[in-house]
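Please look over the sequence and the model below before reading on.

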Amino acid sequence: MIYKGIAGADGIGIGQVLIIKEASLDYSHVQFSGKEQEKKRLQDAIATFCQKTEALREKVEKDVGEKQAEILSGQIMMIQDPFMASQMQDFIDNGQCAEAALDAVCNMYIEMFSSVEDDLTNQRATDIRDLRTRLMKILLGQEDIDLRTVEPGTVLVAADFTPSMTAGIQKDNIAGIVTQTGSKTSHSAILARALEIPAVMSVENACTNLKNGETVIVDGGRGEVITDAEPGVLEAYRAKQINEQHEKQALRSLLGKRTETADGKVLAVYSNIGKPADAGAVLDNDGEGVGLFRTEFLFMDRDTCPTEDEQFAAYKQVAEKMKGKEVLIRTLDVGGDKEIAYLHMDKEENPFLGHRAIRYCLDTPDIFETQLRALLRASAYGKIKIMLPLVTTVTEVRRAKEILERLKAKLKEENIPFNENIPVGVMIETPSAAVIADILAKESDFFSIGTNDLTQYTMAVDRGNSKVAPLYSPLNPSVLRLIRNTITAANNAGIPVGMCGEAASDPLMIPLLIVFGLTEFSVTPSAVLKTRKTISLWSVPEAQKLTEDVMQAPNAESVKAILEAQQKK
Ligand code: PEP
Ligand code: MG
């Protein structure tokens with residue numbers, strides 16, 4: 001059987017299915033089994049909770065740090081508090097099951113702690129929420145799956161993967177990733193590409209159609225998942241897998257080579273990263289800089305915002321590791337599909353159109369200023385450039401720059417070194433920004449085109465919604481025109497222009513981008529050499545001819561057909 005989905009990350013993976021279900025904490029089916037029995041269930045669950053949490057605490061202390069580990073010790077103390085225990089017993093005495101007693105008492109504390117306007121007290125509400133979820137899972141007999149310990153050759157299948165679920169993934173054990181939702185630009189797909197794990201997104205009902213333990217083939221390039229494969233088919237895919245490894249090996253001959261077109265136009269391939277450790281992969285793949293550091297990942301998988309010092313250390317580490325190569329760091333891009341629970345952002349009807357990214361940062365000065373100060377301080381240690389996400393107006397850029405100037409003055413007073421001329425650039429990822437690119441160019445030191453969002457907003461298509469996925473393509477004439485307009489505006493203003501959206505590594509798109517005048521392609525580390533190779537296959541006049549045909553095509557389908565017919569491999 002072949003299940004069709006969306007190509008998420010190239011490569012062939014063959015392995016055994018492991019379905020990861022987000023646990024439902026619904027306990028409405030649980031019957032009250034008598035006071036003594038319910039109290040015993042609660043006590044046993046608390047004992048298991050303390051054991052598990054202690055084990056987790058030790059691990060976290062070793063792997064993450066003392067501060068994060070303290071949060072877990074705090075949870076053990078809380079649940080062992082006799083007053084909290086007696087409150088839960090009261091509910092049980094009144095005929096409620098252990099789950100209902102836990103829920104009611106935790107809710108009381110959560111409400112109390114979240115109504116106080118104080119970060120530390122709010123934090124306690126977050127801790128109790130976490131405690132409630134984990135204790136409830138124990139009561140309901142739901143096991144947590146630790147992705148760090150899965151067997152080699154596992155194909156992970158889930159509705160979707162949140163960044164925190166994937167934090168501990170051991171890439172060598174994961175043969176493939178399959179999700180029920182998402183697209184090529186959803187965060188699961190971006191992560192899969194960064195880890196070089198074949199991935200297929202938006203496979204309808206994957207969690208019910210695929211069976212735990214069955215062997216499947218994940219064809220990440222074609223967007224297919226194959227079950228019950230005949231031995232011959234399996235053999236053919238194994239051969240394809242080996243072939244891919246050889247191709248990858250062959251690309252290594254481009255290490256240390258210049259990025260240039262067949263007729264000698266010199267360009268550059270940078271890389272996108274999510275955490276400081278990724279800089280190693282950029283260098284291993286000969287990336288010529290970091291074209292996008294998605295700093296929101298520094299804010300995920302923890303319970304409070306990283307401090308100025310923590311951020312400073314992270315940015316400095318990347319800047320130093322890149323040894324004088326450019327590092328474009330994007331300020332916090334939160335909201336939309338990027339949720340950070342402890343920020344308690346308001347629920348919105350249309351989160352992608354809401355209070356997110358630069359809008360949220362400008363209205364939340366403590367978070368924004370902490371990040372900008374850390375960036376300024378780190379700028380003394382390498383070639384850092386600051387990049388603003390989701391800009392729609394010049395006013396946003398001006399306001400951000402005003403804050404930056406104020407922070408610079410303060411750092412000067414404090415005699416803290418920083419780069420006074422740190423470049424500030426704009427991500428062009430909304431139609432508004434692309435249309436006014438000529439105006440924005442006057443106030444920006446550089447542009448970086450974020451085609452993932454630019455496509456979403458131009459086509460009015462949620463980038464993670466599989467039902468409308470066929471419309472989601474940067475090859476739509478509207479998106480191509482906005483890209484061309486942006487690059488022309490940057491070239492006219494004499495500022496550098498790069499692309500850090502996924503389209504930058506699309507072999508079909510590359511000849512068009514060369515002709516439009518793009519100079520920096522920023523791609524996932526594993527795609528650097530392939531992008532360099534594709535660029536080397538085209539001469540400008542050849543690409544020019546192709547581009548003229550493409551720009552007359554009426555829709556994405558014809559654009560794709562023209563590009564595929566003339567693709568160079
Ligand atoms: C983009 O929108 O193209 C982009 C690079 O940003 P992100 O994928 O993180 O939204
Ligand atoms: Mg974006």
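## Ala262, a loop residue

Ala262 is found in the loop between helix H9 (231-251) and strand E9 (268-273). The structure shown is a predicted model. Ala262 counts as exposed, because its relative accessibility is 51% and the term applies over 50%. From Ala262 to Val155 the separation is 107 residues in sequence and 40 Å in space, C-alpha to C-alpha.

## The magnesium site

Ligand 2 is a magnesium ion, and two side chains coordinate it: Glu429 through OE and Asp453 through OD, at 2.0 to 2.2 Å. These two residues link distant parts of the chain, being 24 residues apart. Glu429 belongs to the loop between strand E13 (424-428) and helix H16 (431-435), while Asp453 belongs to helix H18 (residues 451-459).

Are the two coordinating residues buried or exposed? Both Glu429 and Asp453 are buried.

## Ligand 1 and its surroundings

The shell around ligand 1 consists of 14 residues. The closest are Arg294, Arg330, Gly450, Asn452 and Arg463. Several contacts can be described atom by atom. Arg294 places a polar side-chain atom 2.7 Å from an oxygen atom of ligand 1. For Arg330, a polar side-chain atom lies 2.8 Å from an oxygen atom of the ligand. Thr451 takes part through its backbone, with a polar atom there 3.1 Å from an oxygen atom of ligand 1.

How much of ligand 1 does the protein bury? Taken alone, ligand 1 exposes 290 Å², and the protein buries 100% of that. The ligand sits in the largest cavity. Strand E10 (290-294) and helix H18 are the elements that give two or more residues to the shell around ligand 1. Helix H18 gives the most, with three residues.

## Helix H18

Helix H18 has a part in both ligand sites: Asp453, in this helix, coordinates the magnesium ion, and H18 gives three residues to the shell around ligand 1. Eight of the nine residues of H18 are buried, so the helix is largely enclosed by the rest of the structure. The buried residues are Thr451, Asn452, Asp453, Leu454, Thr455, Gln456, Tyr457 and Met459.

After the helix comes Ala460, which has a positive phi near 55 degrees.

Most residues other than glycine have a negative phi. Which setting does Ala460 have in the chain? Ala460 is found in the loop between H18 and helix H19 (477-493). Its phi is positive, about 55 degrees, although Ala460 is not a glycine. Ala460 is exposed, because its relative accessible area is 68% and the limit for that term is over 50%.

Asp286 also has a positive phi, of about 65 degrees, and is not a glycine. Asp286 lies in the loop between helix H10 (279-284) and strand E10. Asp286 counts as buried, because its relative accessibility is 17% and buried means under 20%.

Ala281 is found in helix H10. With a relative accessible area of 28%, Ala281 is partly exposed. Ala281 and Thr524 are 243 residues apart in sequence, and their C-alpha atoms are 9.3 Å apart in space.

Asp303 has its place in the loop between helix H11 (296-299) and helix H12 (308-321). Asp303 is partly exposed, at a relative accessible area of 21%. Between Asp303 and Asp346 there are 17 Å in space, C-alpha to C-alpha, with the two residues 43 apart in sequence.

## Phe113 in helix H4

Phe113 lies in helix H4 (residues 98-114). Is Phe113 buried or exposed? Phe113 counts as buried, because its relative accessibility is 11% and buried means under 20%. Phe113 and Gln123 are ten residues apart in sequence and 8.1 Å apart in space, C-alpha to C-alpha.

Methods: Residues numbered from 1 in each chain as written. Chains lettered and ligands numbered in written order. Predicted model: local features only at pLDDT ≥ 70, side-chain atom pairs only at ≥ 80, totals over all residues. Heavy atoms only, no water. Donors = N, O, S within 2.8 Å, 3.2 Å for Na, K, Ca; no water. Helix = DSSP H or I, 4+ residues; strand = E, 2+ residues; numbered from the N terminus. Buried < 20%, exposed > 50% of the residue type's maximum accessible area, 1.4 Å probe, protein only. Near = heavy atom within 4 Å. Polar contact = N/O pair within 3.5 Å; in protein donor to acceptor, adjacent residues only side chain to side chain. Areas by Shrake-Rupley, 256 points an atom, 1.4 Å probe, with all protein chains shown as cover. 1 Å grid on protein atoms, 1.4 Å probe; cavity = no way out; pocket = protein on both sides within 12 Å on 5 of 7 lines; lining within 4 Å. Sits in = over half its atoms within 2 Å of the grid points.
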